[in-house]
Amino acid sequence: MNTTIDDSSMLSLEGFVVSPEATHPLFLLTLAVYLVIFIGNVTVFSVIVFQKNLHEPMYLMICNMSVCDLIGSTAVMPRLMADFLTEVRYISYAACVVQAFCVHVYGSAAQLILTVMAYDRYIAICDPLRYNSIMTTSTLVKLCSLAWGGTLVLIIILFVLTLRLPRCRSRIVHAYCNNSSLFLLSCADTTVNNIYGLFITFFLSGFSFLVIVWTYSKILITCLYKRQSSSKSKAIHTCATHLTVYSIFELSSLFIIIVQRFQNVTPNAKKMVGVLFFTLPPCVNPIIYGIHTKKIRSNVLKFFKNTILPNQ
């Protein structure tokens, strides 16, 4: 007879299986990566918020992306650091649900924000004379609300379907909690959960891919007909930054799917690839925006100069 675990019970988290000698180096490595993510994204966010000349749609969307990256990395990294320092890892069911919720919000919101950014670039390059009249503050708020609101609706439904299931297991065979690890705790039929989870994955990936292909096709055609070389190079430079960020995000998520399909890959390697999804994009995004976006780069330097050396 299956025993249902009480809602207040603790779950065991398998995490990474490493030797005692490797725990402290891995902790320090994880801490260093998280500090890079945290400092980079907080810097980009702060500079955009406090510098009025960056209060433009493109930069405010980058600001949203920084918030999204912080949600994803903070949901996973601090807990992962703590787990490296303990042999027996436990997590409450409530904490596991919160972590899983943040993990899925990050993955879904990032795709929709990148899709909105592609639309913004399309208007800016293909219809520059009407850009200010189209991308008003009201339009920007609606687009960002649609990205975050759409994400919350999809993910809340996902978790309502999971939380309705009775539980008969208490072991999470992963380095962090996610929706699939939660519904696998149940002995009930999880077909609906699998179908809806796949629907969200294909819907978000397919929708963002189609929008980006359509917008960049239009942008490419427009650039080919542009006579001003300076306008053309500026458009290409801006689009290259966005496409780089989008490609890194999509390749990271695709890599997880591919690795999970190989049976000969070690459990630690699968877990590492899963964690990479929450470290690589959030780590490189602020670097890409900081280096390739001149306006952000100059304002970051100005921000640090005024903050660290105010009297010099």
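Helices here are DSSP runs of H or I that hold at least four residues. In this predicted model, the chain over residues 26-50 is 100% helix and 0% strand, and its end C-alpha atoms lie 36 Å apart. That stretch is one of those that UniProt, in an unreviewed entry, marks as "transmembrane region".

**Annotated segments**
- The UniProt record places the feature "transmembrane region" at residues 26-50, 57-78, 90-119, 140-161, 195-214, 235-260 and 272-292.
- Residues 57-78 are likewise 100% helix and 0% strand, with 32 Å between the end C-alpha atoms.

- An α-helix has 3.6 residues a turn, so residues three or four places apart point the same way.

**Sheet**
- Three strands form an open sheet in the order β2-β1-β3, with mixed pairing.
- The edge strands, β2 (90-92) and β3 (171-172), each pair on one side only.
- Strand β1 (residues 10-13) pairs with β2 in the antiparallel sense over 3 bridges; M10 has S92 of β2 as its bridge partner.

**Nonpolar surface patch**
- A nonpolar patch on the surface is formed by L251, L254, I257, I258 and F262, which together have about 460 Å² of accessible area.
- F262 sits in the loop between α8 (229-261) and α9 (267-276).
- F262 counts as partly exposed because its relative accessibility is 45%, and the partly exposed class lies between under 20% (buried) and over 50% (exposed).

Key
Residues are numbered from 1 along each chain as its sequence is written. This is a predicted model: local features need pLDDT of at least 70, side-chain atom pairs count only at pLDDT 80 or more; totals for chains, interfaces and linings use all residues. Side-chain values use heavy atoms; hydrogens and water are left out. UniProt positions are given in the numbering used here, feature names are shortened, and annotations may be inferred rather than shown by experiment. Helices (H or I, at least four residues) and strands (E, at least two) are DSSP runs, numbered from the N terminus. Patches are made of residues with over 30% relative accessible area and no salt bridge: like charges are joined within 9 Å, nonpolar side chains (Val, Leu, Ile, Met, Phe, Trp, Tyr) within 5 Å. Accessible areas come from the Shrake-Rupley method with a 1.4 Å probe; for residues, only the protein chains shown count as cover. A salt bridge is a side-chain nitrogen of Lys or Arg within 4 Å of a carboxyl oxygen of Asp or Glu. Buried means under 20% relative accessible area, exposed over 50%, partly exposed in between (1.4 Å probe, protein chains only). Two strands pair if DSSP finds at least two bridges between them.
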